[in-house]
Amino acid sequence: ESTLGAAAAQSGRYFGTAIASGRLGDSAYTSIAGREFNVVTPENEMKIDATEPQRGQFNFTAGDRVYNWAVQNGKRVRGHTLAWHSQQPGWMQSLGGGTLRQAMIDHINGVMSHYKGKIAQWDVVNEAFADGSSGARRDSNLQRTGNDWIEVAFRTARAADPAAKLCYNDYNVENWTWAKTQAMYSMVRDFKQRGVPIDCVGFQSHFNNDSPYNSNFRTTLQSFAALGVDVAITELDIQGASATTYANVTNDCLAVPRCLGLTVWGVRDTDSWRSEQTPLLFNGNGGKKPAYTAVLDALNSG
Ligand code: G3I
């Protein structure tokens, strides 16, 4: 196959990208994105600040723009993200306790009911664990509402849209030896044991010199899959875009039957949140980089 999406589909997987609504008027961008990818994640448009700028007043203008572009171009959508410490609107940042807990529940219900039946996977909770060696939850206003905020979010999400796969999504959880990875593993194991409705774990996979790719990523993916959840690579970018590392990540997903697919966090290097690291598969002129060919070849021979 000659595109990433079609090549991934040979094994029942997908190859996705983050899409920014502000770039949908750029025909160079949309022609690459339309051709190569078969799943879309809105980069910012379904986040809390975008979808509920005032409490109880939802705004789906930008989210729908990305959603509609995706569907009109034959792509499925990963929703991102319903409960997160970051990109909260001002009104939510200032809440706490039971009021915030209820606002989180209302937010999940409001967004998921708008997109009910339309989203393949939702990142229900994003980035709830701390970096470093503690293995602790990240401090946040949501965490301070009580340790059960994550399971409440998942139970709320399941009821709001039973058709969506519900994912927990985080970064610096790819290396099996890291405390953050083990903490996330313990949470997912506990959720499965207690029947908390979780279907998938998203590994953001923002690899850089501080948190480089390690070949034990495959062990991580296999270990989570063995708990009875699907896994996905959800925000892949690699500082310097080593073709070998991109191929390794692709092969790690292909090696794990429950790995649903890969998503890169942007189309061209110039679209990246870390553009100075040139971490993506296409250069600023839309040209295919060596990493592109490495990924395509891996998908075609996997
Ligand atoms: O839209 C406003 C614009 O109106 C304003 O003029 C401009 C000035 O700063 O800011 C624009 O908003 C920016 C937004 O991206 C859209 O471009 C925000 O400042 C900026 O903070 C925001 O950054 C996003 C970041 O999440 C915020 O946390 C990145 O685009 C997005 O790629 C990044 O994505 C996250 C994932 O959601 C979660 N995992 C990590 C990943 C990378 O940080």
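Glutamate 235 places a polar side-chain atom 2.6 Å from a nitrogen atom of the ligand, well inside the limit for a polar contact (a pair of N or O atoms within 3.5 Å; within protein, one must be able to donate a hydrogen and the other to accept it, and residues adjacent in sequence count only if both atoms are side-chain atoms). This is a predicted model, in which local features need pLDDT of at least 70 and side-chain atom pairs count only at pLDDT 80 or more, while totals for chains, interfaces and linings use all residues. Residues are numbered from 1 along each chain as its sequence is written, and side-chain values use heavy atoms, with hydrogens and water left out.

- Glutamine 204 has a side-chain N or O atom 2.9 Å from a nitrogen atom of the ligand.
- Glutamine 87 brings a polar side-chain atom to 2.9 Å from an oxygen atom of the ligand.
- Around the ligand there are 13 residues, of which Glu43, Lys47, His80, Glu127 and Glu235 come nearest; a residue is near a molecule if one of its heavy atoms lies within 4 Å of it.
- By class, this shell holds 3 nonpolar, 6 polar and 4 charged residues, where Ala, Val, Leu, Ile, Met, Phe, Trp, Tyr, Cys and Pro count as nonpolar, Asp, Glu, Lys and Arg as charged, and the others, Gly among them, as polar.

**Backbone details**

- Histidine 80 and threonine 81 are joined by a cis peptide bond, with omega about 0°.
- Threonine 81 belongs to strand β3 (residues 76–84); helices (H or I, at least four residues) and strands (E, at least two) are DSSP runs, numbered from the N terminus.
- Glutamine 87 sits in the loop between β3 and α5 (90–93), and its phi is near 50°, a positive value in a residue other than glycine.

**How the helices pack**

- Helix α8 (residues 179–194) packs with helix α9 (residues 217–226) at an angle of about 15°, their axes 10 Å apart; axes are lines fitted to C-alpha atoms, for helices over the stretch in contact, and angles run from 0 to 180 degrees between N-to-C directions.
- That makes α8 roughly parallel to α9, since angles under 35 degrees count as roughly parallel, over 145 as roughly antiparallel, 65 to 115 as roughly perpendicular and the rest as oblique.
- Helix α7 (residues 149–160) and α8 pack at about 50°, with axes 12 Å apart, and are therefore oblique to each other.
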